Amino acid sequence: MLRRLARAIIRNQRFELALLEEVGRNLALPPLRLGGLVLQPMATEGLAQMAQFQRSPIPGAMDAIATAAAPVTRADVLFAKAMILHHQGALDMVRDYRAGAGANGFLGLMNVDIVTDQTQEIGLMRRVIAAWPGDAAAVAVPPGMVHGMAGMAHGAMPGPAADTAPPADPHAGHALRRGRRGRPMTTRLA
């Protein structure tokens with residue numbers, strides 16, 4: 001079940017990263033001026049179709065029943081605890097975006113998907129941890145294991161040693177194959 005979840009996370013989050021990169025590229029473009037309107041490109045219409053992306057579902061209740069006989073290992077607990085920290089970081093960012101001055105409607109919709117998916121995934125991983133017969137609290141997650149945690153005290157865990165440098169490009173390898181560029185969607189600025 002965790003392997004299926006891991007494959008779904010990889011596929012879905014690669015596309016989310018591609019979407020965020022595309023939003024960044026569009027927001028870097030100069031605004032379009034049409035008469036008295038100023039329009040700012042914010043996303044690319046049809047990006048999912050161009051990338052031939054289809055969301056991978058996360059395992060559900062039937063998957064849990066089908067794999068109930070499989071033992072939960074320390075490695076499973078480590079993975080689940082690390083992913084909970086990673087997902088909680090994403091949920092914190094969504095909350096901060098909503099509480100701040102974020103006004104991009106496209107990102108607002110993406111935030112709804114993030115909250116829905118990652119809250120469900122956290123619940124699934126907590127059930128896996130609870131099924132382990134060992135002491136889950138004794139399984140420490142090294143900060144370097146959780147992408148983006150280098151240099152942070154995230155989830156009440158100490159950060160890495162001072163001489164541990166974060167990777168030069170924390171998003172290396174996240175590129176998604178892209179098709180032809182679609183036309184930009186716009187939002188009114190003024």
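Modeller: With a definition. Helices are DSSP runs of H or I, at least four residues long, numbered from the N terminus. E16 has its place in one of them, helix α1. Keep in mind that this is a predicted model.

Biologist: Is E16 buried or exposed?

Modeller: The cut-off for buried is under 20% relative accessible area. E16 has 11%, so by that cut-off E16 is buried.

Biologist: Which residues is E16 in contact with, leaving aside neighbours within four places in sequence?

Modeller: The list is R55, M110, I114 and Q118.

Biologist: Now the whole chain. How many helices and strands does it have?

Modeller: The protein chain has five helices and three strands. Read from the N terminus, the order is α-β-β-α-α-α-α-β. The chain holds 190 residues, and 33% of them are buried. Its accessible surface is about 11,600 Å², with 61% belonging to carbon and sulfur atoms.

Biologist: What share of the contacts with a separation of 6 or more comes from residues 24 or more positions apart?

Modeller: That share is 76% in the protein chain.

Biologist: Next, charge pairs. How many salt bridges does a search of the whole structure find?

Modeller: Two. In one, R25 pairs with E22, and the closest N and O atoms are 2.8 Å apart. In the other, D92 pairs with R95, at 2.7 Å between the closest N and O atoms.

Biologist: How does sequence spacing help me read such pairs?

Modeller: Start with the general idea. An α-helix has 3.6 residues a turn, so residues three or four places apart point the same way. Now the case here. R25 and E22 are three residues apart in helix α1, residues 2-28, which puts about one helical turn between them. D92 and R95 are also three residues apart, about one turn, in helix α4, residues 74-99.

Biologist: What do the buried residues of α4 pack against?

Modeller: They pack against α1 and α5, the latter spanning 105-131. The buried residues of α4 include V77, L78, M83, I84, H87 and V94.

Biologist: How should I read a nonpolar core?

Modeller: Again, the general idea comes first. In soluble globular proteins, nonpolar side chains tend to be buried together. In this model, the largest nonpolar core has 23 residues, and L5, V77 and M125 touch the most other members. Elements giving two or more residues to this core are α1, α4 and α5. The most comes from α4, with eight residues.

Biologist: What is M125 in contact with, leaving aside neighbours within four places in sequence?

Modeller: M125 is in contact with L2, L5, A80, M83, I84 and H87.

Note on methods:
Residues numbered from 1 in each chain as written. Predicted model: local features only at pLDDT ≥ 70, side-chain atom pairs only at ≥ 80, totals over all residues. Heavy atoms only, no water. Salt bridge = Lys/Arg side-chain N within 4 Å of Asp/Glu carboxyl O. Buried < 20%, exposed > 50% of the residue type's maximum accessible area, 1.4 Å probe, protein only. Contact = heavy atoms within 4.5 Å. Areas by Shrake-Rupley, 256 points an atom, 1.4 Å probe, with all protein chains shown as cover. Core = buried A, V, L, I, M, F, W, Y, C linked by side-chain atoms within 4.5 Å.
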